[in-house]
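Hi there,

Here is the structure I promised to pass on to you.

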Amino acid sequence: FPPAVFPLSCAVQNYSWGKVGLESEVAKLVASGDPLVQIQPDQPYAELWMGTHPRGDALIRDNRIPQKTLGQWVADNPACLGAKVKDAFQGHLPFLFKVLSVNTALSVQAHPNKELAAKLHAQFPEHYPDANHKPEMAIALTPFEGMCGFRPVEEIVSFLQNVPELRALIGEVAAEQLERSGSDDPRGVSAALRVCFTRLMKSEKKFFVDQLNMLVKRISQEAAQGKDTSGSNGDLLLRLHSQYPGDIGCFTIYFLNLVRLEPGEAMFLGANEPHAYLHGDCVEIMACSDNTVRAGLTPKFIDVLTLCEMLNYTPAPSSSKIFPAAQSQLDPHVYLYDPPVPDFTIMRIEIPASIKLYLISAVDSASIVLVIQGTAVGTSTAAASEMSLQRGSVLFISANESISLHLSSPDGMLLFRACCLL
């Protein structure tokens, strides 16, 4: 039998928003996973892609395997996915696993559901390259900040009253409609919110740049005088404006929740949920799709009309955006992040220093394991030889195969495992 468990060498994406050099968790993982890699100190290391995406197909680090990449190997050995996964996802690995190191904000965006994705792909294939949905989940590796979902209405109303520049962009009629909308009528609230956000996003370029400049000038002066600018979300405004001057996305901070994750905490981004990552390092998993509808904090193609149409305008507190992990009933060292979509699940595996032999158990799905800390030697009946694992190592495990870890680190191990539990 050909080996069904093997190490991978994964693709790095050097997007401009990434952390630079060894500030980046991506760069640190790559450097410790492969000592031969030279990290460029002035280059951004934004994303590590662990999967079969054609723009970053992982290389197989086992010269006994004739296929060079994981994508080729899965295509030639689709049974490695597991019978259910193979049938449900037409012989493709259904997820892309990543590490992100975010230095400056990513665009304000949302991902379409399957129905909208099919429509957008048919109409504008150059901007929407496939017909799939793209739910995502991010789990913090370091303190992580992002915006996600609409704030409770009372917070937005408070900003409308404290930030005259915002109110000017939205207009008095729409602002009053939101102020008057009562919590007893959630559809009325969502309708008013939709009008306000759409008015903001569709405002005339010259008008919103003038208002933004006035706002930035006012906040800067207040901050210089030692005043509290939190009623205008001043710190975040100045930070985003310094990254993307004159960008409409700067105003979205008054509508979207600021979510702060501690390491191990997660957020799940379902279809039509507006979001933007702001700063920090995370592991991320997503369905296999490149469909992103953007509307600000970006030099890329923006599609304001589609975004404003598709969004979920249900207000909710930021605390509700933190997605809980459940400790496994079968193994107390495993914490499951199992979102309400079939495409993916992540396991966080924390092995204490007291354990010297640990079994990564078999599941009925192909999986990809990333080592965040610790060292071990891995053995498997499905591997060609033993594998030395350290921080930054990435392994592919075929469905229904297991690996024994012989731990050698004094401080235990932390691993993340991506799979598909149908």
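Predicted model: local features only at pLDDT ≥ 70, side-chain atom pairs only at ≥ 80, totals over all residues.

According to the unreviewed UniProt entry, residues 5-153 carry the annotation "domain: Phosphomannose isomerase type I catalytic". That span is 22% helix and 28% strand, and its end C-alpha atoms are 50 Å apart.

The largest pocket holds about 660 Å³ of space. It is lined by 33 residues, and Tyr15, Trp17, Glu47, Arg294 and Lys300 are the closest to its centre. Strands S5 (47-50), S7 (95-102) and S13 (275-287) each supply at least two lining residues, with S13 giving the largest share, five residues. By class, this lining has 14 nonpolar, 10 polar and nine charged residues.

The second largest pocket has about 390 Å³ of space. Of its 20 lining residues, Thr52, His92, Leu93, Pro94 and Cys288 lie nearest the centre. Helix H2 (residues 70-76) gives the most to this lining, with three residues. Here the classes are eight nonpolar, eight polar and four charged.

Finally, the whole structure contains 18 salt bridges. One of them joins the side chains of Glu145 and Arg260, at 3.4 Å from N to O. Glu145 lies in strand S10 (residues 144-150) and Arg260 in strand S11 (residues 256-261), so this pair ties together parts that are 115 residues apart in sequence. Glu145 counts as buried at 13% relative accessibility, while Arg260 is exposed at 54%.

Another salt bridge links Glu273 and Lys321, with the closest N and O atoms 3.0 Å apart. Both partners are buried, Glu273 with a relative accessible area of 9% and Lys321 with 13%.

The salt bridge between Asp210 and Lys206, at 2.9 Å between the closest N and O atoms, sits within helix H9 (residues 205-224), where the two are four residues apart, about one turn of the helix. Asp210 is partly exposed at 34%, and Lys206 is exposed at 60%.

Best wishes

Definitions and conventions. Residues numbered from 1 in each chain as written. Heavy atoms only, no water. UniProt positions renumbered as here; feature names shortened; annotations may be inferred. 1 Å grid on protein atoms, 1.4 Å probe; cavity = no way out; pocket = protein on both sides within 12 Å on 5 of 7 lines; lining within 4 Å. Points joined across faces, edges and corners; volume = space filled by probe spheres on them. Nonpolar A, V, L, I, M, F, W, Y, C, P; charged D, E, K, R; others polar. Salt bridge = Lys/Arg side-chain N within 4 Å of Asp/Glu carboxyl O. Buried < 20%, exposed > 50% of the residue type's maximum accessible area, 1.4 Å probe, protein only.
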